[in-house]
Structures are given as structure tokens and as C-alpha cells.
Amino acid sequence: MVSKQKILIVDDDVNIAELISLYLTKECFDTTMVHDGEDALTAFDTFQPNLILLDLMLPGIDGYQVCREIRAKSSVPIIMLSAKGEIFDKVLGLELGADDYIIKPFDSKELVARVKAVLRRYQAVKPVAEVPDIKAVEYPGLVINQTNYSVVYNGATIDMPPKELELLYFLASSPNQVFTREQLLDHIWGYEYIGDTRTVDVHIKRLREKIKDHESWSLSTVWGIGYKFEVK
């Protein structure tokens, strides 16, 4: 029997948390609810969720700090929930490592669809044993493997959330080809994603913080157009 995927719901509004749990339970997810930041960190270790729905405005440790602490040790998908709809709040959430951002009030069908979409992106496709199909690219000092979702940079494994890795792999798979932000948004996030091209900029910034340019390759900006993985 296939085990249910586990969703950790973190929201200080008990009614909203219970409503979200009801939606997801109907879709055959296993859920658990907590209502403050400290309990969220504890539940993450004990419940070991496949995805976290994280409210930003929490008593004690807020959602931003919870996201920071979880990202320091795990790449588990995080969808932030907030009544704050300003671009600054969205960008900050994405910079901290969130995989998506949903504004309250939200439609139940949209919430479930986004949870499923993020989980699909996160799950690495296992290669068939008889016919290995390994998706990997290699450059001096850099190996990006999308089959097992790993990045090795200068001999060290880099912890990287799924969409960062997918973006890096996509660019590196087509060296010197320029992609617009819209093309990257469509290829990596898909038509289901409701967001703007600033999302791409945020993820490029995070990649550059982890992967520094090499003398033979670089993650380059093509001003006014988009980005490319430049091989020199």
C-alpha cells in the first residue's frame, strides 16, 4: 500500500487550519496542525512532512524565521500563507526558500492544486533500473544531476531546493542559449503557477549565492532579455 503524503499545517487561526486540513484530508493527504512557530519546528522533526503550509503571522517565532530554520537543514517544499499581498512580502518569502506563496483568503481548489503542483515538482523521478536514464550535466567544478536532485560544486554537495536545481539544470543543459524570464517561468514553474517574472530573478540571486562563476562558465544576465549559462 502506498503511504499517504504528509502535510504540516502551521496557522495560528485554528479554524483556518482545520478547514485546510479538511480540504487536504479529502484529497487523501495525512495532515497535522500546529499553531505557533516553536511547535512548527518540533512537528517538522517528529512528523517529517512531505510539504509545509506555513502562515507568516505566528505568535513567538514568525513564519519567516521558521522558514529560515527549516531551510538550514532541509529542502522540504514550503508554501507560505499570508494576508500580505505586497510584492515585497512575496519576494522576501521566496528569498528565504519558500516554493510558493498563497494570499489569504484563498480558494480551496486553488490551495489543493498548488499543493499537488509543488509536490509533483519536488518528487524526483526514479530511473528504471534496467534502462537508466540519468539527467545530468557536468562542467569543471560543477555537476548537476536532476535524476537524484543533487548538485556537486567544487567537490562539495550543495543543498538546493528543487526549483533552484531545476532552473540551474535547465540553463546548464543549453549552454550559451538565452532564455527570457517568461520562458524560464513557463519551463520551471509551469502554467499552473500564478506569479510574476520577479520569481525568476529571486531564484537566480539565490543560485549565485551558492554557485560562484567559474573561469570557464558563468550564470550570466543578458540585460533586457533574461539569463543564460555561459560557457567561455
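**View 1. Lining of the second largest cavity in the predicted model.** Pro77, Asp99, Val118, Arg121, Tyr122, Pro162 and Lys163 line this cavity. Two elements each give two or more residues to the lining: helix H5 (108–122) and helix H6 (162–172). H5 supplies the largest share, three residues. By class, the lining of the second largest cavity holds four nonpolar and three charged residues, with no polar ones. The volume of the second largest cavity is about 30 Å³.

**View 2. Lining of the largest cavity.** Around the largest cavity stand Leu168, Leu207, Ile211, Trp217, Leu219 and Phe229. The lining of the largest cavity consists of six nonpolar residues, with no polar and no charged residues.

**View 3. Methionine 33 and its contacts.** Methionine 33 belongs to strand S2, which covers residues 30–34. When neighbours within four places in sequence are set aside, methionine 33 is in contact with Ile9, Ala17, Glu18 and Ser21. Methionine 33 counts as partly exposed because its relative accessibility is 32%, a value between the 20% limit for buried and the 50% limit for exposed.

**View 4. Methionine 33 and glutamate 110.** Along the chain, methionine 33 and glutamate 110 are 77 residues apart. The distance between the C-alpha atoms of methionine 33 and glutamate 110 is 20 Å.

Notes
Residues numbered from 1 in each chain as written. Predicted model: local features only at pLDDT ≥ 70, side-chain atom pairs only at ≥ 80, totals over all residues. Heavy atoms only, no water. Helix = DSSP H or I, 4+ residues; strand = E, 2+ residues; numbered from the N terminus. Buried < 20%, exposed > 50% of the residue type's maximum accessible area, 1.4 Å probe, protein only. Contact = heavy atoms within 4.5 Å. 1 Å grid on protein atoms, 1.4 Å probe; cavity = no way out; pocket = protein on both sides within 12 Å on 5 of 7 lines; lining within 4 Å. Nonpolar A, V, L, I, M, F, W, Y, C, P; charged D, E, K, R; others polar. Points joined across faces, edges and corners; volume = space filled by probe spheres on them.
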